[in-house]
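Try each task before reading its solution.

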Amino acid sequence: MCAFSHSDEGWDNLSYIRYAMHLGNNYSGSSFGAYVDMTEFVKLLEQGPIQPTEKDKQAFSDLLHSLDRAEAGETPGKYEKRLTAEKIIKGHAGIRRGMLKALAMVGVIPNRILELAPDRWTNMESIINAEFSLDNTKGRSDMEMPWAGWQGSLGVDWSKARAIFGEWVE
């Protein structure tokens, strides 16, 4: 969604993109894409980080533990259904999927094809090409690497979770 679609009233899509970024939506790896004027990023940076509440921290911890309890053969799709039933994360399926994709992008949720980590660069092309090695993405536009490469036996990479989120990880 491009914020550069300008009319007399202003930037047509900017309020939605601000809202999506506030929710933590992850656009990397998706053809949807979000392009915002760099001054908008500066405004977001000037606001400082959003401080999670104790309820937010508990939901995050519950999410990680839920992933780690997965049965060995659990697929991303089956996990998403279980997560919905567990009611850990409020909101619609897109919000939950965005969180899972973001955690997978930094390697907290590992995948079976390539190792990702926040301290080193992985080309998007490598991540997208890895989808061809998976059996659960063929013909599906909604299931993308790196989240699509997770399976229950991989659980959570707790060392990466602690390195990134520190005290928020119990």
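**Exercise 1: a lysine in a loop**

K87 has a relative accessible area of 68%, so K87 is exposed (exposed means over 50%, buried under 20%, partly exposed in between, with a 1.4 Å probe and protein chains only). The model is predicted: local features need pLDDT of at least 70, side-chain atom pairs count only at pLDDT 80 or more, and totals for chains, interfaces and linings use all residues. Residues are numbered from 1 along each chain as its sequence is written, and side-chain values use heavy atoms, with hydrogens and water left out.

Task: Where does K87 lie, and what is its phi?

Solution. K87 sits in the loop between α4 and α5 (93-105). Helices are DSSP runs of H or I with at least four residues, numbered from the N terminus. Next, take the backbone. The phi of K87 is positive, about 55 degrees, although K87 is not a glycine.

**Exercise 2: paired rings**

Task: Classify the pair of Y79 and W150.

Solution. Start with the rule. Rings of Phe, Tyr and Trp (its six-membered ring) pair if their centres lie within 6.5 Å; planes under 30 degrees apart are stacked, over 60 edge-to-face, the rest tilted. By this rule there are five aromatic pairs. Y79 and W150 are 5.7 Å apart, centre to centre, with 65 degrees between the planes: edge-to-face. Now place them. Y79 is in helix α4 (residues 76-86), and W150 is in the loop between α6 (124-130) and α7 (158-165), 71 residues apart. Both Y79 and W150 are buried.

**Exercise 3: a cis bond**

Task: Which residues does the cis peptide bond join?

Solution. The bond joins M145 and P146, with omega about 5 degrees. P146 is in the loop between α6 and α7.

Definitions and conventions:
Helices (H or I, at least four residues) and strands (E, at least two) are DSSP runs, numbered from the N terminus.
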